[in-house]
Amino acid sequence: MKLVPLGDKVVVRRLEAEEITAGGIILPEQARERPKQGRVLSVGDGRLLPDGNRVDLDVKEGDRVLFNSYAGSEVKIHDEELLIMREDEILAVVDGGA
């Protein structure tokens, strides 16, 4: 089943939280920060302008993106936690999706 967002919304899967710090310390799950990066799984058909036309989104499926910790709405589909957020909640695309 594919989740298809409406309008200027995108569906994002959070990337896994870092388990080991740069200094080599292993973090327990409770101490890990919520990842602020994710992979775009699906995009809507664009933002609706007042004149009725649609503007394509700047992000596309497969892009790796940065967002605020509290961006979007969390949903659980088939035991997988996903985020649905507006495109303007995305702060940046990382390395063109790589």
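Okay, one definition before anything else: a residue is called buried under 20% relative accessible area, exposed over 50%, and partly exposed in between. Keep that in mind, and remember too that what you're looking at is a predicted model.

So, the overall picture. As for surface, the protein exposes about 6,800 Å², with carbon and sulfur atoms supplying 50% of that. And if you take the contacts between residues at least 6 apart in sequence, 64% of them join residues at least 24 apart.

Now let's go to Asp45. Where does it sit? Asp45 is in the loop that runs between strand 2, residues 37-43, and strand 3, residues 47-48. Is Asp45 buried, exposed or partly exposed? Its relative accessible area is 47%, so Asp45 is partly exposed, because that value falls between the 20% and 50% cut-offs.

Who does Asp45 touch? Leaving aside neighbours within four places in sequence, Asp45 is in contact with Leu6, Gly7, Arg54 and Asp56. One of those, Arg54, is also its salt-bridge partner, with the closest N and O atoms 3.7 Å apart. Arg54 is partly exposed as well, at 42% relative accessible area. And while you have that region on screen, look at Val55: ten residues along from Asp45 in sequence, with the two C-alphas 8.3 Å apart in space.

Take Arg13 and Glu80, where the closest N and O atoms are 2.4 Å apart. This pair links distant parts of the chain: Arg13 belongs to strand 1, residues 9-14, while Glu80 belongs to strand 7, residues 80-86, and they're 67 residues apart. On accessibility, Arg13 is partly exposed at 35%, and Glu80 is partly exposed at 28%.

Then there's Asp88 with Arg86, another salt bridge, the closest N and O atoms being 3.0 Å apart. Asp88 has a relative accessible area of 56%, so it counts as exposed, since the cut-off for that is over 50%. Arg86, on the other hand, is partly exposed at 37%.

That's my tour; happy to go back to any of these residues.

Conventions
Residues numbered from 1 in each chain as written. Predicted model: local features only at pLDDT ≥ 70, side-chain atom pairs only at ≥ 80, totals over all residues. Heavy atoms only, no water. Contact = heavy atoms within 4.5 Å. Areas by Shrake-Rupley, 256 points an atom, 1.4 Å probe, with all protein chains shown as cover. Helix = DSSP H or I, 4+ residues; strand = E, 2+ residues; numbered from the N terminus. Buried < 20%, exposed > 50% of the residue type's maximum accessible area, 1.4 Å probe, protein only. Salt bridge = Lys/Arg side-chain N within 4 Å of Asp/Glu carboxyl O.
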